[in-house]
Amino acid sequence: MRFLLLTILALLILGCGRGGPKTARVSGTITMSGKPLSNVGVTFLPTKKGPAGVGNTNENGEFTLTTVRRGDGAVIGKHKVTVGAAEEGQKGLSIPDSYGSPHTTKLAADVESGKINTFTFNLEPEASSPLGKKKK
């Protein structure tokens with residue numbers, strides 16, 4: 001539910017400004033205990049000003065983010081990353097609630113201009129020490 005509300009908020013913010021914010025392409029993979037998570041929502045929330053980048057994972061746990069235009073990525077800079085069910089009432093997921101809130105998530109990413117921004121996040125069932133590792 002939180003993810004859905006954050007996504008709606010992000011979409012409302014998107015209409016502001018001309019030309020949109022400066023973004024860089026972002027893709028990656030979400031796994032839990034090393035196994036791909038399919039149909040999971042991923043949100044990159046800038047720690048400074050700007051709209052969120054959102055996306056859903058495919059059957060292999062892979063995602064591509066959109067901020068203004070499909071596939072444009074996320075705003076350049078540091079982000080808190082949240083992960084949750086892509087659809088309200090989705091069954092079969094046991095993602096700890098801590099990953100779904102910007103106040104409790106330990107996932108973070110730094111989106112850079114002119115770089116390949118590919119991130120892998122391996123979630124732990126108990127959210128003990130998740131790390132987002134950037135591949136170049």
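Which residue takes a positive phi in the hairpin of β2 and β3? Hold that thought until Figure 2.

This is a predicted model, where local features need pLDDT of at least 70, side-chain atom pairs count only at pLDDT 80 or more, and totals for chains, interfaces and linings use all residues. Residues are numbered from 1 along each chain as its sequence is written, and side-chain values use heavy atoms, with hydrogens and water left out.

**Figure 1. The whole chain, with one helix and 11 strands.**
Helices (H or I, at least four residues) and strands (E, at least two) are DSSP runs, numbered from the N terminus. Of the 136 residues, 41% count as buried. Buried means under 20% relative accessible area, exposed means over 50%, and partly exposed is in between (1.4 Å probe, protein chains only). Now for contacts, meaning heavy atoms within 4.5 Å. Among those with a separation of 6 or more, 63% come from residues 24 or more positions apart.

**Figure 2. Strand β2 and its partners: β10, β6 and β3.**
Strand β2 covers residues 26-32, and five of its seven residues are buried, so the strand is largely enclosed by the rest of the structure. Two strands pair if DSSP finds at least two bridges between them. With β10 (residues 117-123), β2 pairs in the parallel sense over seven bridges, and T31 stands opposite N122 there. With β6, the pairing is antiparallel and has three bridges; look for G28, whose bridge partner in β6 is F63. Two bridges join β2 to β3 (residues 35-36), and these two strands run antiparallel. T31 turns up here too, with P36 as its bridge partner in β3. And the opening question? The hairpin of β2 and β3 has two residues between the strands, and S33 is the one with a positive phi, near 50°.

**Figure 3. An open sheet of four strands, in the order β5-β4-β8-β9.**
The pairing in this sheet is antiparallel. Its edge strands are β5 (53-56) and β9 (108-111), each of which pairs on one side only. Neighbouring strands are turned by 30° against each other on average, direction ignored. (Axes are lines fitted to C-alpha atoms, for helices over the stretch in contact, and angles run from 0 to 180 degrees between N-to-C directions.) Zoom in on β8 (residues 77-85) and β9: four bridges join them, and they run antiparallel.

**Figure 4. K78 and D110, a salt bridge between side chains.**
K78 lies in strand β8 and D110 in strand β9, so the pair ties together parts that are 32 residues apart in sequence. D110 is also the bridge partner of K78 in β9. K78 counts as exposed, at 52% relative accessibility, while D110 is partly exposed at 31%.

**Figure 5. D72, a buried residue with no salt bridge.**
D72 lies in the loop between β6 (62-64) and β7 (74-75). The nearest side chain of opposite charge belongs to R69, 4.5 Å away. (Lys and Arg count as positive and Asp and Glu as negative; His and the chain ends are not counted.) What does the side chain of D72 reach, then? It comes to 2.9 Å from the backbone nitrogen of V68, and one of its polar atoms lies 2.6 Å from the backbone nitrogen of T67. These are polar contacts: pairs of N or O atoms within 3.5 Å, where, within protein, one must be able to donate a hydrogen and the other to accept it, and residues adjacent in sequence count only if both atoms are side-chain atoms. T67 is found in the loop between β6 and β7 and is buried, with a relative accessible area of 1%. The side chain of T67 reaches the backbone oxygen of G73 at 2.6 Å.

**Figure 6. T23, a partly exposed residue in strand β1.**
Strand β1 spans residues 23-24, and T23 has 23% relative accessibility. A polar atom of the T23 side chain lies 3.2 Å from the backbone oxygen of D72. Not counting residues up to four places away in sequence, T23 touches T67, D72, A74, V75 and I76. T23 and S113 are 90 residues apart in sequence, but 7.4 Å apart in space, C-alpha to C-alpha.

Key:
Lys and Arg count as positive and Asp and Glu as negative; His and the chain ends are not counted. A salt bridge is a side-chain nitrogen of Lys or Arg within 4 Å of a carboxyl oxygen of Asp or Glu.
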